[in-house]
Amino acid sequence: DFRTGKRIPFGRWEDIFIAKPWSSKVPRRDDDDNAAVNRKMVHISAYNGDGHTCRAGNEFSSWQMGRSRCYCRKKNNDNNDNHNDNNDTNNNSTIPDHLFDAKKISETALETLGEPEGSRDAVRFFADGIDQILGVIAEAERHNDKTQTFTYFYTAHPDKHMHSLGTKHSEVGAVVRGINKEIERLWEELGDRGRLLGNNKKEAAERIDATVLVTADHGHIDVSRSDRTVLPDHILECLEYANIGVWGKGRHGYLHCRPGLQGLLRERWRQTKALDEQFLLLTIEEADGLRLFGPEPLLMGVRVRLGDFVAVSIGHATLVTEEEDERLLGGDDGGDDGDDKKKKKKGDSKTDDESDSDDLKKPSAKKAKLK
C-alpha cells in the first residue's frame, strides 16, 4: 500500500480486485441437467506455463477464467502437490480440469523493439495465438457435444511497442497492421466450418456460431515534455498522498487530502491556471455519479482506496512526480516519430496510457507521498 507504506497480506485475488470474475459465475451442467450447457474456459498468453505444465496456466489466469485457485503441478515434482478439489474452500466456483486449459505463446524480446525483428516477432507470436484459438474451436466442433468455449487471448503488443517508441513509430504501425490482418484471418476461417475441420469436400461454406470481441483496457497518447505537469508546493501541502505519474496514473490522478483540507485543495486548484485549465478536478462521489468508473456504482471495497479527488486530464497533460520529470528531461518527446533509436534513452517514457505501471518504486516523500 503506497499510501501507508505497509504490506498488504495477500491470500486471494479477490483481496485485490474485490469482485469475482464473471467467468466464476458461469453455470455448470449437472449430470441430470440436460438443458444446461458447459463452457470450456481457455486462457492464451505469453505468461502461461512457466515452471508448470501449460494446462495449469498461472495463478492469475486460473482465477480470471473462473478457477478459485491454481491447480498447478510442477513439471518434475508433484509429490507435495496438495492442490485438489477437496482442499478448495470455494468449490462451487471451481472449473473442473476438463473445462479449463491454458496455452502459451512466445514474447517479443525487449531489445528488439523499434527494429523490424521486433515487429515481425510480435505479429508472428500473435498469429500463433490465433492458430491456438482456431484449434480450440475446431476440437469443440469435432466433439459435437453441448460444451461451448470461451477463449481469452492476451497480447502485450502493440502496448509494449508504444510505451517504448510512441504511437507514430513505423514499427508500431507494422505491429498494428499485422495484428489486424491476423484478426481478419481468424474471422475468415470461422466462416468455413468444413475447411476448419479439414473437410476438403466442395460444398457451401457453413459459418461457425462464434463471436469475436477485440478490446483493450486502455489507449495510448504521446506525451511531450511540455505536457508533463508537476504538482506545485501549495497543492502538495494539502495532500497526504497522490497516486500520479507516467504510464497512465497521471492522466487520472487520485488525490488523498490531509484531514479537513479538501475545500482548501479545491480552492487552490482553481486558482492554479496550469491545473484548472488542463484537468477536471472531481470528488470521487462526483466521478461516481457521472459513472466514470463504469455503469454500476462503486463497490465500497474499491471506494475506500480512491481518496478524495480524481484529477482527469482533458488534453495531453499528465501529472508526474518531480523525480520523474527530472529523469525524463533530455529524452525524446513523445510526439515525434521515434524512428531514430539513437536518440532514445533508457527509461524514457514515450507514451502514456490508462493503466497502472509495472514500475513499483518506493514513492518519494516531499510534502505528500507521490507515486
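Modeller: Let us begin with cavities: a cavity is a set of grid points where a 1.4 Å probe fits but cannot get out, and its lining residues have an atom within 4 Å of a point. Please keep in mind that this is a predicted model.

Colleague: How many cavities of 30 Å³ or more does the count come to?

Modeller: The count comes to two cavities of that size. The second largest cavity has a volume of about 50 Å³.

Colleague: Which residues line the second largest cavity?

Modeller: Its lining includes Ala 46, the residues Ile 105, Ser 106, Glu 107 and Thr 108, and also Ala 122, Phe 125 and Phe 126. Tyr 154, Thr 155, Ala 156 and His 157 belong to the lining as well. By class, seven of the lining residues are nonpolar, four are polar and one is charged.

Colleague: How should I read a salt bridge, and how many does a search of the whole structure find?

Modeller: Side chains of opposite charge can pair when their charged atoms come close. In this structure, the search finds 12 salt bridges. One of them joins Lys 103 to Asp 101, with the closest N and O atoms 3.5 Å apart.

Colleague: Is Asp 101 buried or exposed?

Modeller: Buried means under 20% relative accessible area. Asp 101 counts as buried because its relative accessibility is 11%. Lys 103, at 24%, counts as partly exposed.

Colleague: Where in the chain do Arg 193 and Glu 141 lie?

Modeller: The side chains of Arg 193 and Glu 141 meet in a salt bridge of 2.6 Å, N to O. This pair links distant parts of the chain, 52 residues apart: Arg 193 is in helix H6 (residues 193-196) and Glu 141 in helix H3 (residues 116-143).

Colleague: What does the salt bridge between Arg 266 and Glu 286 tie together?

Modeller: The closest N and O atoms of Arg 266 and Glu 286 are 3.0 Å apart. Arg 266 lies in helix H8 (residues 262-271) and Glu 286 in helix H10 (residues 284-289), so the pair ties together parts that are 20 residues apart in sequence.

Colleague: Finally, which residues form a nonpolar patch on the surface?

Modeller: Such a patch is made of residues with over 30% relative accessible area and no salt bridge. Here Phe 10, Ile 16 and Phe 17 form one, and together they have about 280 Å² of accessible area. Phe 17 lies in helix H1 (residues 14-17) and, at 41% relative accessibility, counts as partly exposed.

How values were computed: Residues are numbered from 1 along each chain as its sequence is written. This is a predicted model: local features need pLDDT of at least 70, side-chain atom pairs count only at pLDDT 80 or more; totals for chains, interfaces and linings use all residues. Side-chain values use heavy atoms; hydrogens and water are left out. Patches are made of residues with over 30% relative accessible area and no salt bridge: like charges are joined within 9 Å, nonpolar side chains (Val, Leu, Ile, Met, Phe, Trp, Tyr) within 5 Å. Accessible areas come from the Shrake-Rupley method with a 1.4 Å probe; for residues, only the protein chains shown count as cover. A salt bridge is a side-chain nitrogen of Lys or Arg within 4 Å of a carboxyl oxygen of Asp or Glu. Helices (H or I, at least four residues) and strands (E, at least two) are DSSP runs, numbered from the N terminus. Buried means under 20% relative accessible area, exposed over 50%, partly exposed in between (1.4 Å probe, protein chains only). On a 1 Å grid over the protein atoms alone, a cavity is a set of points where a 1.4 Å probe fits but cannot get out, and a pocket is an open set with protein on both sides within 12 Å along at least five of seven lines; lining residues have an atom within 4 Å of a point. Grid points are joined across faces, edges and corners, and a volume is the space filled by probe spheres set on the points. Ala, Val, Leu, Ile, Met, Phe, Trp, Tyr, Cys and Pro count as nonpolar, Asp, Glu, Lys and Arg as charged, and the others, Gly among them, as polar.
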